[in-house]
Amino acid sequence: MSTSGGELPTARVLTIAGSDSGGGAGIQADLKTMLAHGVHGMSVLAALTAQNSVGVQDFWPVPADLVTAQFRSVVDDIGVDAIKTGMLADAELVGLVADLLGTLPAPVPVVVDPVCASKHGDPLIAPDAVVALRERLFARADVITPNLGEAALLSGLTVQTPPDELAAALAGSGQTWTLIKGGHAEGEPIDRLYRGAEPVRSYPGPRLSNRHTHGTGCTLASALACQLALGKEMPEAVGAAKRYVTGAIAGGFALGSGIGPVDHLW
Ligand code: PLP
């Protein structure tokens, strides 16, 4: 959908996540994804990172009062049709965001990307946030989008555990759907969607050789929030989000001396 010529975007999508100073992941990837979907993107900054193509040099949580103020400003005036959460830095912020989601005047789709670490292996949340994600935030989620490593960390199982068992272990945490991303597995990358512990659909995809994939997880979760805001049902919304991120990865480009960002103009 075009928004030129005074046409209004059809949906309002909010990201509650961390800023990536390098512009490849986090809030910056979320807003680019939202623009590409023709929705109006809004942001509650929950954490700031100093990072670039070679890694995350530092991060800071945003004070709770400021997170609350940003959320109220947006929700109470503009309104939201879907929400995506990303890097929430520590247990206090995870709990706060769970509480804030509980104040929404009407339910909207919530996509929780349980971000734990960057591709370089740099931690993006404090260890206590892992438990809080599972015990506080997942109950507010329509869908959670862990990769295999995050699913293992969140369930206390090993990364070698088959996805069906990881999904079953996470099923009791309160979310309706679980999308386990298999991009880091050996062989053909397959994402799998579960409703509770029940497998619903598999999404195989080509293994792309492009190494410039910074921002992949944020982009997928944001694209999913956009598709849900635009009215797609979960299995179709995941398929459309996966197609978007596959195109974005194919177009990923070199920046700096490390891993460059996925592309949103493909
Ligand atoms: N920085 C921020 C703020 C993020 O939210 C994330 C992932 O969600 C990353 C960095 C890591 O991105 P990637 O794993 O694609 O490098």
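Predicted model: local features only at pLDDT ≥ 70, side-chain atom pairs only at ≥ 80, totals over all residues.
The axis of a helix is here a line fitted to its C-alpha atoms over the stretch in contact, and the angle between two such axes runs from 0 to 180 degrees between their N-to-C directions.

- Helix α3, which spans residues 91-101, packs with helix α4, residues 128-137, at an angle of about 15°, and their axes are 8 Å apart.
- Because angles under 35 degrees count as roughly parallel, α3 and α4 are roughly parallel to each other.
- The crossing in which α3 passes α4 is right-handed.
- On the α3 side the contact is made by A91, V94, G95, V97 and A98, while α4 brings in D128, A129, A132, L133, R136 and L137.
- Sorted by class, this contact of α3 with α4 has eight nonpolar residues, one polar residue and two charged residues.

**Around the ligand**
- There are 18 residues around the ligand, and of these G18, A25, G26, S118 and K119 come nearest.
- At least two residues of the shell are supplied by each of β1 (12-20), β2 (40-52) and α7 (216-229).
- The shell has 10 polar residues, six nonpolar residues and two charged residues.

**Residue A89**
- A89 lies in the loop between β4 (82-85) and α3, and its phi is near 65°, which is a positive value in a residue other than glycine.
- A residue is buried if 20 or more other C-beta atoms lie within 10 Å of its own, so A89, with 23 C-beta neighbours inside 10 Å, counts as buried.

Conventions: Residues numbered from 1 in each chain as written. Near = placed C-beta within 6 Å. Helix = DSSP H or I, 4+ residues; strand = E, 2+ residues; numbered from the N terminus. Nonpolar A, V, L, I, M, F, W, Y, C, P; charged D, E, K, R; others polar. Parallel < 35°, antiparallel > 145°, perpendicular 65-115°, else oblique. Left-handed = near helix turned anticlockwise from the far one by under 90°. Contact = placed C-beta atoms within 7 Å. Buried ≥ 20, exposed ≤ 12 C-beta atoms within 10 Å, placed from the backbone.
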